[in-house]
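Here are a few notes on the model, as promised. Have a look at it first, then read on.

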Number of protein chains: 4
Amino acid sequence: MSEINVAIIGAGYWGKNLIRNCQSSQRVNLSAVCDSRESALNFVKTNYPAIKAVSRVEDALNDSNIHAILIATPTASHYELAKAALLSGKHVFVEKPMTETAGQAMELVNLAKEKNLILHVDHTFVYTGAVRKIKDLISKGELGDLRYFDSERLNLGLIQPDVNVIYDLAVHDLSILNYIFNEEPETVSAFANSYVTRQRERAVEESAHINLRYPSGFMAHIHASWLSPVKFRKMLIGGSKKMIVYNDIEPSEKIKVYDHGVDLDFSKETPDDPIYRSGDVLIPNLDRSEALLSEINHFADCVRDGKDTVTNGYDGYKVVKILEACSKSLKYGGQLIIL
Amino acid sequence: MSEINVAIIGAGYWGKNLIRNCQSSQRVNLSAVCDSRESALNFVKTNYPAIKAVSRVEDALNDSNIHAILIATPTASHYELAKAALLSGKHVFVEKPMTETAGQAMELVNLAKEKNLILHVDHTFVYTGAVRKIKDLISKGELGDLRYFDSERLNLGLIQPDVNVIYDLAVHDLSILNYIFNEEPETVSAFANSYVTRQRERAVEESAHINLRYPSGFMAHIHASWLSPVKFRKMLIGGSKKMIVYNDIEPSEKIKVYDHGVDLDFSKETPDDPIYRSGDVLIPNLDRSEALLSEINHFADCVRDGKDTVTNGYDGYKVVKILEACSKSLKYGGQLIIL
Amino acid sequence: MSEINVAIIGAGYWGKNLIRNCQSSQRVNLSAVCDSRESALNFVKTNYPAIKAVSRVEDALNDSNIHAILIATPTASHYELAKAALLSGKHVFVEKPMTETAGQAMELVNLAKEKNLILHVDHTFVYTGAVRKIKDLISKGELGDLRYFDSERLNLGLIQPDVNVIYDLAVHDLSILNYIFNEEPETVSAFANSYVTRQRERAVEESAHINLRYPSGFMAHIHASWLSPVKFRKMLIGGSKKMIVYNDIEPSEKIKVYDHGVDLDFSKETPDDPIYRSGDVLIPNLDRSEALLSEINHFADCVRDGKDTVTNGYDGYKVVKILEACSKSLKYGGQLIIL
Amino acid sequence: MSEINVAIIGAGYWGKNLIRNCQSSQRVNLSAVCDSRESALNFVKTNYPAIKAVSRVEDALNDSNIHAILIATPTASHYELAKAALLSGKHVFVEKPMTETAGQAMELVNLAKEKNLILHVDHTFVYTGAVRKIKDLISKGELGDLRYFDSERLNLGLIQPDVNVIYDLAVHDLSILNYIFNEEPETVSAFANSYVTRQRERAVEESAHINLRYPSGFMAHIHASWLSPVKFRKMLIGGSKKMIVYNDIEPSEKIKVYDHGVDLDFSKETPDDPIYRSGDVLIPNLDRSEALLSEINHFADCVRDGKDTVTNGYDGYKVVKILEACSKSLKYGGQLIIL
């Protein structure tokens, strides 16, 4: 199979991860990296002398040998860059969150469809062994009806200069939620505050709680914070049959599947007394390959085959739509937003 | 010091704990236990032959030797029983939540004041070594300005027949919050659902999230659930100087005090870049005496000295006021309630 | 089924547990408790007025209504008391370790056989859900060939007045080992020291390491200590197919069964390169009934049916034999004892 | 300060770590890497084009610009290579264990002294923030008299082709022990077995227990294994005043200092009853800089200043002496070796 040629725009923290994984991949050929900062270009020249380091986006967009553009720039620039890339006939792989507004996201989705190009959003967690396993268990019906999803994504820093903790951290949970559960929420509310950065010109919320309610009664809660003394990465996913505890900090035993539950038994004399059930707990072995590499390979395959990726533009849109609702809720002190 | 004579109304699960601790206490003399159920009275007669077991509340209220009444009946009856006891001239020790409505709570507070009697609400956690230590650290200014409080109180069951998980479990967190932090919230919202009991006549919410916002910017979040496969009892309390992780499941190392933080330094060239600080962590040794016994002794001392207890009727009122706001929010799907 | 009548000798810490469980059991009738200390007799009279409290052992041994004697006295008296009980025609249930010397143990075994009486040693851990499950997994061949057993039984105190930490704590591990693994060790060595009590008249070893080697190559190591700042109760049991981590401090997830291993594959080009295998981990649900109650019921059943118990006198003998070898090794500074 | 010029012999797993850290260091200039394997040389040429890649050791030894040789080859070759380097007038930095026999180690120590050259052994753990902190606490007398050291260093693999688990893993614990505690052991015993590799030509012990007794009564135990399903890296260090639990798997809270203890109080009526003391627990903040880089910088400083390093040849000798005693003990089935 031939490789596809790609260019990366943005050689910051995440851009460097993209470079490293593109280099490892057998399915993409990284031909150019674009960044406007000299230091970033020097990094590329020193460490990857074989890759073209360019300062202008046009150099990549106008290069007819390049099939796809990977965008790893600040969120505010995603929409313009992705649009320009699509208009130049390039497939697009864009960092999360896909855009700042749902309107922009939808515009990109439509443009890609029109141009018959792949629009992919980098919801990296979806490509981890852990999240794949959770999706797999849910798809097989192991959990029964899904009831709740509770996530904690906490640590000390890194406070971002330009986006709040919801756009930076909670977006991961929203992307996982979008992947494992097919419904869309009907209400959204968000509570957050800025304690450290409220003194600076651009304050951003550093700790946030998000509540989502779905038509089926399923509820989700996400707690994201840059102000926790300890790192937590924990999800509880409850079903009517089984429940999952996913602790991403554990080096290997990340997922525990509990065959536990509570039921009513209407054949009993006291049908109102709940019956508690505790069975075995399973810690499934997980695929440990690097998520970003799997994702890049998957993107390359979809580009070649003209098929949608697992986290396509519409998935990006659905996540941005919730982010937007969170921002509205925050603006009104945590008001309930009905979608 | 002479003992005070007390009677307990209600010999159910918690009533039995009260009986056992009254028996251990050197400061109270448990002279009667009242319960309408024959099985409960038999339990008392068999195990505590020296204590009067009576079926009518009046037998205790009319006994002029009895100084105080301890009420451990279902929540719905607290108001009537406490009122009757105060009107009979008895001091009152009542289970949490103090009443069903804030109006009832305030009425009891006023009645006790009028009658010059002690009205005490059993917020047991306030008397644990762990919560005492947290209060102590906050009072000494060790944490700096309080920023957030996040609590998880989760396990599998026991689903209550008559009250939801907020009235049963989250009430503990609200009582702790009321004790350690002096402000009153300005907004309350609650999200909850009933999954198991929605099929029975009396459905109760089994999993809930509560968000509280305070005038100073302090925020609190409480997650209470009867549907978690694993037991969690964890609180994060964040201050501008230090932060606490309180894990009540740990047998001895319950509290960790982190000398960690994030600050801006306006004397720097890049004042907008947060500075992360990680110092030592202290696990303070805690008083391990049984909380309920300490509380009963404290109540007896206050009755004797005519002084308010640490968790008096007004504290009970403040907690019930939030519970009431939660119920309103739930009724409107999680709407923000402005107090 | 009729109950058997029993008497307990010794109403100290463990004796009280025996009393409580005999009272709970439907299969034994506790008719008398014997202790020479007035305080212990008063405890029985106050709390269990229906049970005869006697000060002389003969009162129990000569009572023809009593079928069995439960001995919960200091180790040094086990041999004499058990012998007297057997000679009086009583079945015997004796605390661990069964006797001080292997010779005494064997004498009791022979005497019981001769008299056709049940001689049972109280290796309580064998009756826990956790150890039962481990035995079950091993018996079914799930672990493959057993390779090693490593146990840590550490905490701060309680230093015993009369026996060292091997006789007090490691004896539990030896009894578990004897139950789950059928071989007898061919070498024993023990390393221990007395740090705190070496200043008092009767010094006892407070921290000890025991190494056991078995004919098949199986090895066991036990670390027992009264001088650890933290409580540890951990066992690793390794087999050629699977391995178990048993953490007795965990409230419910005590046993983890790892489908992990290392193998050589002689069909490969590089047969000397080990192949590492990591599969799922299973946390089996465990029977949580109280071990001592199950054990007392089992003893009663065996007395009635004239069948040996699962931890009979010969099991007691085998454990004492290893304890004796440990003492010899200690005497010579940790010398290897070949059995 | 001028840099010192160094050459590395051996570009395998650890050699690559040395290369990377020498490149990071401001105090050494890595001028050559020597390896006999073409693949290793190609790795150097591709990734570090500025460094000379040579296949013959002589090329490095005869280069008069090179001040020091870093040896990262298999253990069996350490002695010959270090000797040749010293004889060529080069300072030496050699991997652990320094040599195969204590005799060889002592010969190198003497040769270095004679030649006035630095002989340094790479006991990397000594340069970690955690071990440094432990040493610091002990030196300040915080722990009181040292009583015991118990270490667990367990995981699944990597079984070495040429050395057993004592030479591969336990050597780390011996180097730490040698650093934090000044005595030398008077007895050594080791118990080990080969389960997986006993079928291949060169069997190596895969799981081992080592016991060390010291003149002062201090005892140490090391458990090292390649056959544990789970990774453990835990040390308990007990003193008469305080005790340390060092869990190297914890990402940040590696060390806990317990102000716990047991004492006798001879002023009491019952002086034989131990008194248990539980105070606070401290988790000190640790220096997180990379140990190997600190070590290389320290080595360079000592070379320049003509001073012994913290882990000099004599420390290497003392560790090898214990390894040798372990091998003797193993040969005789775990016999006690009196040094």
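1. The buried residues of α8(C) pack against β1 (4–9), α1 (13–24), β2 (28–34), β4 (68–71), β5 (91–95) and β6 (119–122) of chain C. They are Ala291(C), Leu292(C), Glu295(C), Ile296(C), Phe299(C), Ala300(C) and Val303(C). Buried here is 20 or more other C-beta atoms within 10 Å of a residue's own, with C-beta placed from the backbone (12 or fewer is exposed, in between partly exposed). Helices are DSSP runs of H or I, at least four residues, and strands runs of E, at least two, numbered from the N terminus.

2. Bear in mind that this is a predicted model: local features need pLDDT of at least 70, side-chain atom pairs count only at pLDDT 80 or more, and totals for chains, interfaces and linings use all residues. Residues are numbered from 1 along each chain as its sequence is written, while chains are lettered from A and ligands numbered from 1 in the order in which they are written.

3. Just after the helix, Gly306(C) has a positive phi of about 65°.

4. On to chains B and D: β14 (residues 275–283) of each chain pairs with the other, antiparallel, over three bridges. Pairing takes at least two DSSP bridges. Ile283(B) sits opposite Val281(D).

Key: Two residues are in contact if their C-beta atoms, placed from the backbone, lie within 7 Å.
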